[in-house]
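Biologist: Please look over this model with me, and take the questions one at a time.

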Amino acid sequence: MLPKKILLSVAGILAGALLLSACSSGDDGGSPAGGAPTSGSASASATPVAVTFEPANGTGVNPATPIVVKAANGKLLDVTVTNTAKGKTVAGKLADDGSSWTSTEVLGYGSTYKIVAHAQGADGKPIEQDNQISTMAPKKQANANLIPAPSAVASSGVGVGQPIVFSFGKIAVKNKAAVEKALTVESTPKQEGSWYWIDDSNVHYRPKEYWKAGTTLKVTAKIYGVDFGGGVFGAEDRTETYKVHDSWIAKADGNTEQMQIFHNGAMVKSMPISMGKDATPTHLGAHVISDKQANYTMDSCTYGVCPPDPKAYRSNEKFSERISNDGEFVHENPNSVGQQGSSNVSHGCINLNGANAQWFFQNMGLGDVVEVTNSGGPQLPVWDLYGDWSKSWADWQAGSALK
């Protein structure tokens, strides 16, 4: 029989060996002795790829909504989107990791598109997944017509008083806020500005104060797919650029019967004038030149005053520049030269002699400003072509659909 001391030592060794065995049993990844691994790694690697489409199968899809195809538990190999009627493929971009594909061009109205996606799962197995969508067909489409026409002022630029106008023709815009959100004017240098809805079809943009000379204006209408209301949607996006030329501002004063011309803030000329007589006074306020014609037939019938009305007239005038839409021009009038500088005798126009009219015509152009004071007439209405400056800044901002 072994001594008690030796027996205790052997027992301690056996206990230590059993303890080490127990501690090491989990170090093989959680497998029971002699068994298979219990982790889900094998089953995860065998999960097939899942392909999803946005928008999903459906009709009435807004064509401005991009098509997005995504892959889970794998990657996309390629995606093809085809207009079924035209056979034309839609451009798109595949993510570098193959997790998604997104169309990079807008779809067409009233069209059907077939989508074919090829993908490969983590299990290495390839699959093909198909989808089909159809886009909405609007009752009408609205175009964003710009005034002034960018091509008409590309070489000359516009004056510091020029509002930017989007006209939607005969379309009555019901969702003004949605449309206005799609319209932007970026000015360089930056100047505060806002939109004002003149009526249901025309929205104007002007700065808080006159544009700074030399300003560049980038005008954008991202209206494609925008709901105008009443079944009308935007026809196409548009981006144009305007350049503001030097500052030219004329100040016509009915008290002095003189008009002073300021170029970039400095007075460069003063000339005698005759404005509208008491029966047809010239409107007060800032007018903006919208058109100029070396020879022009002025006919009061164009704004509803026709014979036998005693206020009716029809005459051929030279060096004419329109400053409102109800017959007000700055132009030569040899018949009123004797009254120019002393009394008002016109039908609302600002009359000049031949030399002054020619000088004005050569130096003043579209978007330049004619400020009228002390004429005895009413304020130029905001709706009278470019009566935009008749509104205070607070009142102008209130005309936005987003206020």
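Biologist: Which residues does Asp299 touch, not counting those up to four places away in sequence?
Modeller: This is a predicted model, in which local features need pLDDT of at least 70 and side-chain atom pairs count only at pLDDT 80 or more, while totals for chains, interfaces and linings use all residues. Residues are numbered from 1 along each chain as its sequence is written, and side-chain values use heavy atoms, with hydrogens and water left out. With contact meaning heavy atoms within 4.5 Å, the residues that Asp299 touches are Tyr313 and Arg314.

Biologist: At what distance does the side chain of Asp299 make a polar contact with the side chain of Arg314?
Modeller: A polar contact is a pair of N or O atoms within 3.5 Å; within protein, one must be able to donate a hydrogen and the other to accept it, and residues adjacent in sequence count only if both atoms are side-chain atoms. The Asp299 side chain also reaches the backbone nitrogen of Cys301 at 2.9 Å. For the side chains of Asp299 and Arg314, the distance is 3.0 Å.

Biologist: How far apart in space are Asp299 and Tyr313, C-alpha to C-alpha?
Modeller: In sequence, Asp299 and Tyr313 are 14 residues apart. Their C-alpha to C-alpha separation in space is 5.9 Å.

Biologist: What is the mean pLDDT of the protein chain?
Modeller: pLDDT is the predictor's confidence in each residue, from 0 to 100, and 89% of the chain's residues reach 70 or more. Over residues 1–44, however, pLDDT stays under 50. Where pLDDT is low, the predicted coordinates should not be read in detail. For the protein chain, the mean pLDDT is 90.
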